[in-house]
Amino acid sequence: KYIANQNELTSKIKSIQGIQNISYSIEENALIKLDDRQAIVTIKGVDSEFKNLTKFDTVVNEGTYQLTHNGQFFGVFGRGIANKLDINVNDLISPISIYAPKRGKVEGINPEDAFNKISISPSGIFSLNDDFDYKYVLIDLKAAQQLFDCSNAISIIELSIENKNNLQKIQTQLQEKLGPDFQIKNRYQLNDVLF
């Protein structure tokens with residue numbers, strides 16, 4: 001489920017000609033709460049390269065794309081989730097809590113002992129389509145690693161290439177270099193609903 005050998009993977013990926021950008025992330029479901037409102041969402045913890053690779057800041061139509069500032073974690077919310085939780089990007093007072101089950105066996109009388117929790121403030125709201133807007137909350141990769149109990153691990157590698165005409169060739173080379181434990185999908189295969 002998680003990939004720990006990031007440096008080894010980076011060198012294998014960079015050895016393929018035509019790779020432009022590499023971004024590492026984690027995607028997991030979690031419970032998000034604001035006051036008495038809550039929702040199950042997909043948390044996507046992303047590194048600093050994610051914005052350069054996807055130009056995701058261009059789909060943020062309220063607030064800004066910011067995931068950390070002065071040691072504080074922020075989140076960028078899909079429009080559907082923001083509406084459901086009544087999130088206001090100007091409200092930095094009310095903390096938004098995210099809960100995820102702790103890994104391994106947890107013993108304790110208090111049910112909250114079985115969960116990791118982080119608090120974030122909202123920085124932006126994005127709007128792409130219903131599939132994304134009602135599902136995703138973007139946070140910093142380090143915050144996600146802390147939340148999901150997997151320091152220095154990732155679950156997704158996203159790449160951009162220099163020439164889209166070489167897509168099939170690069171996809172084949174990636175599969176050969178990384179082996180059968182990895183699923184290599186292009187953006188059309190990954191987002192077949194969107195396309």
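Okay, let's start with Arg79: at 24% relative accessibility, this residue counts as partly exposed. Keep in mind that we're looking at a predicted model. What does Arg79 pair with? Its partner is Glu62, in a salt bridge where the closest N and O atoms are 3.2 Å apart. Arg79 sits in helix 3, residues 79-85, and Glu62 in strand 3, residues 60-63, so this contact ties together parts that are 17 residues apart in sequence. Glu62 is partly exposed too, at 30% relative accessible area.

Lys44 is buried, since its relative accessibility is 7% and the cut-off is under 20%. Glu27, at 25%, counts as partly exposed. Glu158 comes in as well: salt bridges with shared partners join Glu27, Lys44 and Glu158 into one network.

Then there's Arg37 with Asp36, at 3.6 Å, N to O. Arg37 is partly exposed at 25%, while Asp36 is exposed at 68%.

Now, over to the strands. Strand 8, residues 136-140, is mostly covered, with five of its five residues buried. Which strands pair with strand 8? Strand 5, residues 72-78, runs antiparallel to strand 8, joined by two bridges, with Val76 opposite Leu138.

Notes
Residues numbered from 1 in each chain as written. Predicted model: local features only at pLDDT ≥ 70, side-chain atom pairs only at ≥ 80, totals over all residues. Heavy atoms only, no water. Buried < 20%, exposed > 50% of the residue type's maximum accessible area, 1.4 Å probe, protein only. Helix = DSSP H or I, 4+ residues; strand = E, 2+ residues; numbered from the N terminus. Pairing = 2+ DSSP bridges. Salt bridge = Lys/Arg side-chain N within 4 Å of Asp/Glu carboxyl O.
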